[in-house]
Amino acid sequence: MAKTIILYFSKTGTTEKVAEVIASKLGADVYQIVEAVPYTNADLNWNNPTSRANIEQGDESARPTYKGELPDLTSYDQVIIGHPIWWGRPPRIIQTVMENLNLAGKRVATFATSGGSTYSEAQAVIDQMVKNSA
Ligand SMILES: Cc1cc2nc3c(=O)[nH]c(=O)nc-3n(C[C@H](O)[C@H](O)[C@H](O)COP(=O)(O)O)c2cc1C
């Protein structure tokens, strides 16, 4: 059976719950992506145009760093990446992570949770990231 790892980023626990359900169904390993500089509640306030998250999402070059080391993917066949939708797209830290993973030869899937936005804009970002890392 294919060996799978789920990497997820979650600030309020919703994506984390979904990651756990998928992991238990697939018998997958799980890795939580954690930002190096923690987001405060104020940082996550989408009603404030100058909140940290809003500024990052609006900045194509923003690449918030992650804490610790990313997992070694050598032994995995499938990599699943889960994240919330922030302003229609993945949090920029997902781009940081994908730029630092070697996804060549891996089967990659993603999922997200949101307040209602669909995945179409996020999919375009992910497709580009996968293309760049393969
Ligand atoms: C900065 C920020 C921006 C968000 N932007 C969107 C959005 O564009 N569309 C949407 O449906 N939900 C948006 N949300 C809501 C989250 O996607 C939703 O609450 C998600 O399930 C949170 O996942 P988590 O608990 O794993 O962090 C946003 C949340 C934050 C903090």
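Mentor: A polar contact is a pair of N or O atoms within 3.5 Å; within protein, one atom must be able to donate a hydrogen and the other to accept it, and residues adjacent in sequence count only if both atoms are side-chain atoms. This is a predicted model, in which local features need pLDDT of at least 70, side-chain atom pairs count only at pLDDT 80 or more, and totals for chains, interfaces and linings use all residues. Residues are numbered from 1 along each chain as its sequence is written, and side-chain values use heavy atoms, with hydrogens and water left out.

Trainee: With which side chain does the side chain of lysine 3 make a polar contact?

Mentor: Lysine 3 is placed in the segment before β1 (4–8); helices (H or I, at least four residues) and strands (E, at least two) are DSSP runs, numbered from the N terminus. Contact means heavy atoms within 4.5 Å, and lysine 3 touches Asp29, Ser75, Tyr76, Asp77 and Gln78, not counting residues up to four places away in sequence. At 3.2 Å, the partner of its side chain in a polar contact is the side chain of serine 75.

Trainee: Is arginine 89 buried or exposed?

Mentor: Arginine 89 lies in the loop between β3 and α3, and it touches Gln57, Glu60, Pro84, Gln95, Glu121, Ala122 and Val125, not counting residues up to four places away in sequence. Its side chain makes a polar contact with that of glutamine 95 (3.0 Å). Buried means under 20% relative accessible area, exposed over 50%, and partly exposed in between (1.4 Å probe, protein chains only). Because its relative accessibility is 11%, arginine 89 counts as buried.

Trainee: What is the phi of tryptophan 87 near?

Mentor: Tryptophan 87 lies in the loop between β3 and α3, and its 53% relative accessibility makes it exposed. Most residues other than glycine have a negative phi. In tryptophan 87, a residue other than glycine, phi has a positive value, near 50°.

Trainee: Which residue's backbone oxygen does the side chain of asparagine 54 reach?

Mentor: Asparagine 54 lies in helix α2 (residues 52–57) and is buried, with a relative accessible area of 11%. Leaving aside neighbours within four places in sequence, its contacts are Asn45, Trp46, Asn47, Asn48, Pro49 and Trp87. At 3.0 Å, its side chain reaches the backbone oxygen of tryptophan 46.

Trainee: How much of the accessible area that the ligand has on its own does the protein cover?

Mentor: A backbone N or O atom of glycine 116 lies 2.9 Å from an oxygen atom of the ligand, and a polar side-chain atom of serine 117 lies 2.7 Å from a nitrogen atom of the ligand. Accessible areas come from the Shrake-Rupley method with a 1.4 Å probe; for residues, only the protein chains shown count as cover. Of the 650 Å² that the ligand has on its own, the protein covers 85%.
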